[in-house]
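Work through the exercises below with the model open. Each task is followed by a stepwise solution.

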Amino acid sequence: MSTILAVTECRDGKLHKTSLEVVSQAKALSEKIGAGVVALVIGSGISVESASLGEYGATKVLVADGQALENYQPDLYKSIIIEAIRQNSAEIVLAPATAIGKDIMPRVAARLEAGMVSDCTKILVQDHTIQAEHPIFAGKAFALLSVNSAVKIITLRPSVFDAIQTNPGVAAPVEKVGLPAIEIKVKTREVKKTGGNKLDVADADIIVTGGRGVRSAENFKIIEELAACLNAAVGATRAAVDSGWRPHEEQVGQTGKVVSPNLYIMCGASGSIQHWAGMSGAKCIVAVNKDPNAPIIERADYSIIGDLFEVVPALIEEIRKIRG
Amino acid sequence: MKILVLVKQVPDTEATIRISGDRKKIDEAGVKFIVNPYDEFAIEEALKLKESGAATFIVAVSLGPDRVKEALRTAVAMGVDDVLHLKTADLGMDGLATAQLLSESIKEIGFDLLLMGKEAIDDGNMQVGPMLAELLDVPCLSVVTALQVNGASVVAEREGDGCAEVLEAQLPCIITCQKGLNEPRYPSIRGVMLAKKKEIAEKIVQSANHTVSVESLSYPQARQAGMIVGEGAAAVPELVKKLREEAKVI
Ligand SMILES: Cc1cc2nc3c(=O)[nH]c(=O)nc-3n(C[C@H](O)[C@H](O)[C@H](O)COP(=O)(O)OP(=O)(O)OC[C@H]3O[C@@H](n4cnc5c(N)ncnc54)[C@H](O)[C@@H]3O)c2cc1C
């Protein structure tokens, strides 16, 4: 039986939600091709939840845990992943398209001469070949790519695939893997938290974005307040970031982050083609804009035409009413 | 220190993308091409390193069909010393094939520091930098927002998810550039004149093995037409109701 390796990601010793998406998708794929699902967990001080990946379909969990893995380290990660692929004769490797996944998987692919599809939004099995869909031209089109190498590497766009508990209560056997003794070429001097404890737009189910219409850093308080009562992350257009009102890590779009939340609320943002590139995957889009001819009005699921400084406070009040 | 900058030519961000009749590629007729925006950060960083005295020579390389010479002219106009066109018609969406094609020529050119964009905005793969590093067996620091070169060592800030990693590596190495690193300059008039006259050397490169091939291209599914719920604060209760009962997102 062949093997699908699901490379997961830990943040502060805990599995990141993309890990469950990757394992679930590996499980779904394994049913089509008849394969086992081995999950690989890399980190430092990993808690016992590794075994719970069995609930999402892992048949075995490999854990590489060590002080040296406290921060992302490309040389060690590469070596651990390649070893896991070899030891388990994995033919398909899935990983999240996070900052780490985007950096490490191309390295693994190059070492194994494996074909790779990045930021995949759909995987198909057609006549025994693996085909993966990948957005191109910032989402203006999609490419369906077939991967023909012995090992196939696919990174999954976060929040696109569902995390599904197919086997509730099932604990997968956990195996420890040792850390490789290799030369470290890239040294980490320091890791600075940038977002504080703020929810990152890439992880949020709901995002409230402010654009040029918000007019100042100070005015973003109402955007933050609306976000807080929805447990949402604050997002920004490039106009808001370039004006110095918000940090770049909040920018959504072609030169910012690509997000796929359930709900995306845009206040005082026109819906430029470059912004659209980052959020067109949102399941529901709401626009608050005073201009009925703004491009976003045609594309949003629900729009309110009006001044955001009146609409947003009313929205906060209404949501507080229903949420108590 | 010799810096090599990789430059890709891509359709303008505003360009309308039309898929060709065979659904395997895009129809380039009428499409305006630009230098990949992230590669502009790479060019700018190289120029700054040369101005500071850390670098002595900058060569920009572009892989692709004849049209990419225009992107190289932009690099010359911005101030790079030399350019090379690696000519191929075989620029697919296969990152590994691209990295393999590039690595052969780059070995011949040699470099101390290789700068490139973190991503090309056409295929959006983000594969070539780290792949190239493995094929050339040098370190790669990707998605970099700050860079310092001190003698043979490089300290860079890499953008992570919710964090910035301060990393150190030794030359030769590859840096992939992210927004925030610098503000790319506009070409000077003198630069533009120089670029017009520049003889652009070309080298024909062999197509590599493909491990990834295009089955078909498609357009995104059209979103269902939306609705205007109403005007001003008065429309808020109706909006919240729709979000709860219709869209079921809150
Ligand atoms: C290469 C390139 C990359 C880019 N990358 C990105 C990117 O990643 N992300 C991004 O966002 N942009 C990006 N841009 C910029 C993009 O083209 C737009 O300039 C930008 O998105 C506009 O931001 P905005 O919608 O906030 O501002 P505007 O387009 O100016 O829109 C402001 C909107 O606010 C409305 N408004 C004003 N006041 C009020 C009010 N009181 N109440 C309600 N509505 C109000 C106006 O009607 C208008 O529709 C990029 C551009 C280029 C060339």
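The exercises cover the ligand site and the chain interface of this predicted model.

**Exercise 1.** Find which chains surround the ligand and which residues come nearest.

*Solution.*
- Step 1. Residues from chains A and B surround the ligand, so the site is shared between chains.
- Step 2. The shell holds 27 residues, and A:Arg212, A:Thr237, A:Thr255, A:Ser270 and A:Gln274 come nearest.
- Step 3. Sort the shell by class: 16 residues are polar, 6 nonpolar and 5 charged.

**Exercise 2.** Locate polar side-chain atoms that lie by oxygen or nitrogen atoms of the ligand.

*Solution.*
- Step 1. Take ligand oxygen. A:Thr237 places a polar side-chain atom 2.6 Å from an oxygen atom of the ligand. For A:Gln251 the distance to a ligand oxygen atom is 2.8 Å.
- Step 2. Take ligand nitrogen. A polar side-chain atom of A:Thr255 lies 2.6 Å from a nitrogen atom of the ligand.
- Step 3. Turn to cover. The ligand alone exposes 980 Å², and the protein buries 81% of that.
- Step 4. Assign elements. In chain A, α5 (238–242), α6 (273–279) and α8 (308–323) each give two or more residues to the shell.

**Exercise 3.** Describe the interface of chain B and chain A by area and by contacts.

*Solution.*
- Step 1. Count residues: 78 of chain B are in contact with 86 of chain A.
- Step 2. Read the area. About 6800 Å² is buried, with 56% from carbon and sulfur atoms.
- Step 3. List the polar links. There are 47 residue pairs in polar contact and 11 salt bridges. One salt bridge joins B:Glu134 to A:Lys78, with the closest N and O atoms 2.9 Å apart.

Technical notes:
Residues numbered from 1 in each chain as written. Chains lettered and ligands numbered in written order. Predicted model: local features only at pLDDT ≥ 70, side-chain atom pairs only at ≥ 80, totals over all residues. Heavy atoms only, no water. Near = heavy atom within 4 Å. Polar contact = N/O pair within 3.5 Å; in protein donor to acceptor, adjacent residues only side chain to side chain. Areas by Shrake-Rupley, 256 points an atom, 1.4 Å probe, with all protein chains shown as cover. Helix = DSSP H or I, 4+ residues; strand = E, 2+ residues; numbered from the N terminus. Nonpolar A, V, L, I, M, F, W, Y, C, P; charged D, E, K, R; others polar. Contact = heavy atoms within 4.5 Å. Buried area = accessible area lost by both parts, 1.4 Å probe. Salt bridge = Lys/Arg side-chain N within 4 Å of Asp/Glu carboxyl O.
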